[in-house]
Amino acid sequence: MSEATDDRLRPARPLLAASLACFRDGAVLLARRGRAPSQGLWSLPGGLVELGETASEAAARELLEETGVRAEVIGLADLVEVVRRDETGAVERHMAVLAYAGRWVSGEPVPGEEATEVAWLAPEQVAGLQATAGLAEVVRRAAEIAA
């Protein structure tokens, strides 16, 4: 989806999204974003919650769509609020992302349409990555839940 046709750009109200920190043998599954606004950055697989689905269902669905991996959602790790403004101060994006912790159930990760790369990484490696804001802290909290 191009930035010009992105219905998340300049929304009328905050949007609800969900992501999932999926753990397998102590490692977390991350995706390198292939699209704006976080293109090139590592993040948790995630996206908008669809009408009629819970946020935890959305997190599991997004993980499957973006990586081909199925996971059991085990708890809420964090709330990440994303507010981006343009040079005039007008809100360009406003999202509330519910970040969940989960455990791998099945599937080997492959990048979906929205990711250029996926990788299992030790939680302590996340701080050294070019990543979305606050990712290392979210992964730390999720790791405590998944332990």
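Reply: Begin with contacts: two residues are in contact when heavy atoms lie within 4.5 Å. The model is predicted. In the chain, 70% of the contacts with a separation of 6 or more are between residues 24 or more positions apart.

Me: What are the elements of the chain, and in which order do they run from the N terminus?

Reply: The chain has two helices and seven strands. From the N terminus on, the order is β-β-β-β-α-β-β-β-α.

Me: Which strands does strand 2 pair with?

Reply: Pairing is read from the bridges between two strands. Strand 1, residues 15-24, pairs with strand 2 in the antiparallel sense over two bridges. Strand 2 is joined to strand 7, residues 115-121, by six bridges, and these two run antiparallel. Strand 3 also runs antiparallel to strand 2, with two bridges between them.

Me: Which residues stand opposite each other in these pairs?

Reply: Arg24 stands opposite Ala27 of strand 2. In the hairpin of strand 1 and strand 2, two residues lie between the strands, and Asp25 takes a positive phi near 50°.

Me: Is strand 2 mostly covered or mostly uncovered?

Reply: In a regular strand the side chains alternate between the two faces of the sheet. In this case, strand 2 is mostly covered, with six of its seven residues buried.

Me: Which residues of the largest nonpolar core touch the most other members?

Reply: The core has 17 residues, and those touching the most other members are Phe23, Val28, Leu30, Leu44 and Val139. At least two residues of this core come from each of strand 1, strand 2, strand 6 (91-106), strand 7 and helix 2 (135-146). Helix 2 gives the largest share, five residues. There is also a second, separate core of 15 residues, with Ala31, Ala55, Ala59 and Val69 among them.

Me: What does Phe23 touch, leaving out residues up to four places away in sequence?

Reply: The contacts of Phe23 include Val28, Trp104, Trp120, Val139 and Ala142.

Me: How many aromatic pairs are there, and what sits over the ring of Trp104?

Reply: Aromatic pairs are judged by ring centres within 6.5 Å of each other; the count is zero. The ring of Trp104 has the charged end of Arg24 over it, 3.9 Å from the ring centre.

Me: Where is Pro37, and why is it classed as partly exposed?

Reply: Pro37 is in the loop between strand 2 (27-33) and strand 3 (42-43). Pro37 is partly exposed because its relative accessible area is 42%. Not counting residues up to four places away in sequence, Pro37 touches Arg84 and Arg93. Its C-alpha atom is separated by 26 Å from that of Glu108, 71 residues apart along the chain.

Note on methods: Residues are numbered from 1 along each chain as its sequence is written. This is a predicted model: local features need pLDDT of at least 70, side-chain atom pairs count only at pLDDT 80 or more; totals for chains, interfaces and linings use all residues. Side-chain values use heavy atoms; hydrogens and water are left out. Helices (H or I, at least four residues) and strands (E, at least two) are DSSP runs, numbered from the N terminus. Buried means under 20% relative accessible area, exposed over 50%, partly exposed in between (1.4 Å probe, protein chains only). Rings of Phe, Tyr and Trp (its six-membered ring) pair if their centres lie within 6.5 Å; planes under 30 degrees apart count as stacked, over 60 as edge-to-face and the rest as tilted. A charge sits over a ring if NZ of Lys or CZ of Arg is within 6 Å of the ring centre and within 35 degrees of the ring normal. Two strands pair if DSSP finds at least two bridges between them. A nonpolar core is a set of buried Ala, Val, Leu, Ile, Met, Phe, Trp, Tyr and Cys residues joined through side-chain atoms within 4.5 Å.
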